[in-house]
Amino acid sequence: MRKLFWVTLSFSAAIFLSVYLLPEPYLLPAGIFCAVTGITTLFLQENTRRKVALAAFGLCAGFLWTSCYTALFRTPAHAMASKEALVCTVTVLDHPSETDNGYSLPVRLTGPNGRPYKVLLYADEAYASLGPGDEISLPLRLSKSDVLRGERFDYYDARGIYLIGYPKGKILTLRHPDTLSLRFLPQQAAHALKTSITRIFPQDVAPFLIALTTGDKGSLPAGLYAAFQRGGVAHIVAVSGLHVSFLIGLLSALFGKRSKLTFGLGVTLIFFFVLLTGASPSALRAAFMIFFVLLAPLTGREEDRPTTFTVILTLLLFLNPYSVSSVSLQLSFAAVAGIYSLTPILYSRWVKALPEGEHQLTKLFFALCRAAVGVLATTLGALLFTTPLIVLHFRTLSLLGPVTNLLVMWLVPLLFVGTLALSLVGLLFPRLALPFAWLLAFPVRWVMEVVKAIVRLPLASLSLNAALLLIWAMIAYLILLIWFFLRREIRPAIPLSVLGLTLCLALLFHILPAYISALSITALDVGQRASTLLFSKGNSVLVDCGGSGAEDPGDVAADYLQSLGRSQLDLLILTHYHSDHAGGVPQLFSRVKVKHILMPDVEPSSPLRLEILKLAKEYGCDVTLLSKDVTTDFGAASLTIFAPLGDGGANEEGLSLICTSGEFDALITGDMNAMVERMLVKYKSLPDIELLLVGHHGSRNSTSEELLLATTPEQAIISCGYNTYGHPNEEILERLGAAGCELYRTDQMGSITLTVK
């Protein structure tokens, strides 16, 4: 079996190198080189050549297969991308999912070479009624799926989707299938399951239960999913080994662990469940692993975990080499590796300290303690290898993840099995299922509220965009690895004490400047939006909280604030009612306590203004609608907020402000144009400033010469990201350079902090 281990391990390593490091033209030469190396090693000494040859041939197979797969599937798919719409006939593969801008649905398109390709359509409500098996003809524009907002994007590649389709007209023909193909049975079952859950469960818990049982997070509120991520329990709503283990545990309890019936039913049920939930790489990994676990006792052989592990990875990468870039696949395999490596060691050590108990109550108590130890050991085992991946992909680290798991994980099996059972009953007898669903909603609410409460705590999760905290995370992981390999020589208390001490020091040096400095100004990296945090002597003011995008700016602001040990924002100032300046407010309210909000008293019918006022009332936040200039102190700094000067639109009717600390002045103008800037210069007494937050993300219609001449800024920050507007405009960059400004940009440097001593 270990021969197979070396081949499959090197095969997987080659695919990883092919996708992440080696350009496509180098794959074939790399494969040939490895083949020559493998043949050459056959002439070495016996004890050396076997492993080297196996590894070399595995690498050769990995490089060559990636090259062949790319040539056969990915490259021809990309060749169909065009700026012009073509009439195409496609087959719908699943029910449409609702998005922020319409619907998305996967379809199968047959290419010119006769091969089928999976395409993801983004369409309007006219496509909402389509179902699996429907065949439609429509004008369609196809684009490559590997670029998003001007950057490399591998999410769709990992799912085997190499094209995105955009309908450019009405459906020309539509044909419903006469009979439902077995090919689409899992999709129909998933749709029926979701419909039943929506029908019988209360509206506030149904989206969570749909995500828990099917992995479909489309209807899950973005704020709730973000809370699960930061609370370290996102695996609850990502179908993986956790859910598969619940199913197989139920079957084992009914039919016995070594039963052939358990094997037959288990394999059938699990693979059907995986197809029902979309066959994500993490779910497939869990299904294959359970298959080998159930197969081992029936064949009378011991399970070889390392070989099983690499064989399953090879199977998944053979189906689609680009799935190696799937975050769920990486986290799933890393978690299993950590659980196999560390969990048994931690559990056996900790459980020895627990007595059996003499009386019935004490026996029950210590049994619960052992269960808690099991959850904690499993969580820490999974964190061993998933932590660097989480830091790499999400730049966050949940400090209270183990605590959150202890508080909620004991309920998850009940919720999962109970929801599946009730939804099946609800398909036939919805009225019978309703009262039981109403009862099950209470523990569901407990789980959601516990997670929300924990992530609202200061330092519940660390945003590792700060260099000091990122360095600590790297050092902490290094310490854990050293302890893991030398664990027999080092007591666990030693590395834990070192980790705790270094974390306290890192937090101290990260937080202290914000509390002792007169003023710190941070332009948060929120893409083509604006969000600026002002901090002075422990007092906090956030100017704007732009929304919409891959990561909610409300989360970005809350993360940064909580990393400073704060779960409260003293003042939120919104310059105007555009989503790129105020769309992140709902998520901000859900994460931190906002004491006061200040907004311009304009556009009384603006939907965004009305939504924010409603949220402020709901969360008990004081509101000031500004129609005249005000000055307020916070910490060792002061703010002068100018009422709207212009008219004709939200940009022109926005607020502007000056933040002052001693001899330091910073000006924020929102999105006002050059005409309103001239009015600001003419009617307001503007000082010479040290910092300018460049208006309108660097638009050429803002940051006029009159403003620069009147204020003579020494430094300028542009908050911008990928966009199609040409921001920041070259003319503005030249203008700022001519004015002698030292320029900083969030799209190039991330979040930018300037500190005034």
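**Rings and helices**

Tutor: Arg-445 lies over the face of Phe-442, 5.4 Å from the ring centre; a charge sits over a ring if NZ of Lys or CZ of Arg is within 6 Å of the ring centre and within 35 degrees of the ring normal. This is a predicted model, in which local features need pLDDT of at least 70 and side-chain atom pairs count only at pLDDT 80 or more, while totals for chains, interfaces and linings use all residues. Residues are numbered from 1 along each chain as its sequence is written, and side-chain values use heavy atoms, leaving out hydrogens and water.

Student: How are the rings of Phe-273 and Phe-416 arranged?

Tutor: Rings of Phe, Tyr and Trp (its six-membered ring) pair if their centres lie within 6.5 Å; planes under 30 degrees apart count as stacked, over 60 as edge-to-face and the rest as tilted. Here the centres are 5.9 Å apart and the planes at 85°, so the pair is edge-to-face. Phe-273 belongs to helix α8 (residues 260-276) and Phe-416 to helix α14, 143 residues apart; helices are DSSP runs (H or I, at least four residues), numbered from the N terminus.

Student: How is the packing of two helices described?

Tutor: Two packed helices are described by the angle and the distance between their axes. Axes are lines fitted to C-alpha atoms, for helices over the stretch in contact, with angles from 0 to 180 degrees between N-to-C directions. The axes of α4 (residues 185-200) and α14 (residues 412-428) come within 8 Å and cross at roughly 90°. The two helices are therefore roughly perpendicular (65 to 115 degrees).

Note on methods: Parallel < 35°, antiparallel > 145°, perpendicular 65-115°, else oblique.
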